[in-house]
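Hi,

Here is the structure I promised to pass on. Have a look at it first, and then read my notes below.

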Amino acid sequence: MVTIPGPKARPVGLLLAALALSAAAAELSISGSNRAEFWSYFDSTFSTQLEEKLDLSLRYGDLRGTFGLFAYEPSKPWTDARKPLRLLDYSIAYSPRQFEVLFGRFYQDFGKGLALRAYRDEEFRHYKSLYGLRGTARLPHRTELVLLGAQLREVFFQENTYRIINIADTADQALGANLSSRPFRWGGLGARYVRINRTTDPQARAFTELIGGDLTAAAGPVELYGEVCRRLGTAPGLGGRETGFGWFASGTVSFPGYSIVGQAMDYDRLAFPAGLYHWNDPPTPIRSGVSVNRGEDERGFGVVATATPFAPLYLGAEYGRLYTRDDTSAGVIEWEGKTRYPLDDWTFELAFNRMYQHNIELGTRERVIAKPVLYVKYLTGRHTFAFEADYGFVDERSVIDEQWKYRELATALSYGYGASWLFTVGLQHVDELLEKRYNGEQVWPFFETVWNVTQRNMLRVRIGAERGGYTCSGGICRFEAPFRGAKVQLISRF
């Protein structure tokens, strides 16, 4: 026990009393979500897999914490490609109004991701997070400064299994600083610096630096954004300096009933490290999410226009182009036109899209997909009926000049009752036996039920088959394996 002399007892006592009053006034709040999912395969082994994702957020006065549980449990026998993955994450932060100091697992983007991007995509099953220390200062004039030191972990779902795709490099570390400010109503600016130290670097001075900045300006119906980033590094295995550079620009013009959004970008050896995973993930202009090589060597642009010339008619059009910088090695071009017309209890939507891919998928030189899409919905009282169908005309050529021309059909009929129930029957079909793409399968029927048990709990049951295939989101792509079986998913929020 420590005894404090009389003259000093009063201020210390007042401080302890103030802390006690603050603690007494604070309330503990807890919120979070839980996603539990069970798959059963209708194959010769009747294998199964279980996913559990629990996220908790806690706040007590100026203290904030998070807790995350991730568990993937496939049935035995396990293999090197398909085995359990169990992760336990946490963070704790002291977060008064003016600043925050956090330690643990977190997500962070600098600008549009040219220098640093760590995020989670629940629908695409992609979890890219940082672990370390982060400080945030909230300064006057809408200015924020972020300082961090962290390590990267990227969890990705592919071929019906989860894995950490940077497992050999999880000890790599980044030191970063980002300043963003918008002191004026008409615009603002940002600046950032990221230094990445890798265990595989041949010498201590072989670190990589990403240095960039951005500008934002707005006037009336026009808003503009531009960002640049320069990479300074060491050539792998050779030594010597290696440089990269990238820029991204976007603009929006909007009037009542009309809008145009444009994007343009050019990335030259910007992504780091080259290959399977990246610390940064610059944007792609392709709305379907396709990327050529995720910022290593690509340039392109995209334009989206919408119009409501008279209510309730809606019109939309989109065009995007992304190629390697030599304009020949690999690339993708897509365009789409769409119209929607609600009429009393009916909604009609019609779209047509076309995509051309050149050396995007492994083993495929060219692939062209032209697809009309129809969607109809009818609402009467508490009853909702919906029909959706698309019919793809596909022309595909392999790198050894084998050619396939085939048709892909996807159709679904749904019935919903109020906000509680939704029943869907659907069918996917391809008119040719394709061992290369669909393992010789042609028909994939399914039935799905969605039950909103309460406003915070949703149960989804799906039985049948899925054809899988090449799919993308935000510039990240993967092959989804075909599936036959049952899926049960329970999502809870609290």
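Predicted model: local features only at pLDDT ≥ 70, side-chain atom pairs only at ≥ 80, totals over all residues.

**Strand β10 and its partners**

I'd start with β10, which covers residues 143-158. It runs antiparallel to β9 (residues 126-139), and 14 bridges join the two. Find L139 and you'll see T143 of β10 standing opposite. β9 and β10 make a hairpin with three residues between them. In that turn, H141 has a positive phi of about 60°.

β11 spans residues 161-164 and runs antiparallel to β10, with four bridges joining them.

**Salt bridges**

How many salt bridges are there? The count comes to 40, taking a side-chain nitrogen of Lys or Arg within 4 Å of a carboxyl oxygen of Asp or Glu. Here are some to look at.

R86 and E73 meet through their side chains at 2.4 Å, N to O. R86 sits in strand β4 (residues 85-94) and E73 in strand β3 (residues 63-74), so this pair ties together parts that are 13 residues apart in sequence. Buried or exposed: which is R86? With 55% relative accessibility, R86 counts as exposed, while E73, at 25%, counts as partly exposed.

Next, E396 and K436 form a salt bridge at 3.0 Å, N to O. This one links distant parts of the chain, 40 residues apart: E396 is in strand β23 (residues 383-398) and K436 in helix α2 (residues 435-438). E396 is buried, with a relative accessible area of 2%, whereas K436 is partly exposed at 43%.

Then there's E441 with R484, at 3.2 Å, N to O. E441 lies in the loop between α2 and β26, and R484 in strand β30 (residues 483-493), so the pair ties together parts 43 residues apart in sequence. E441 is partly exposed, with a relative accessible area of 25%, and R484 is partly exposed too, at 33%.

Finally, salt bridges with shared partners join R35, E37, E51, K53, D55, R120, E122 and R125 into one network.

Cheers

Notes. Residues numbered from 1 in each chain as written. Heavy atoms only, no water. Pairing = 2+ DSSP bridges. Buried < 20%, exposed > 50% of the residue type's maximum accessible area, 1.4 Å probe, protein only.
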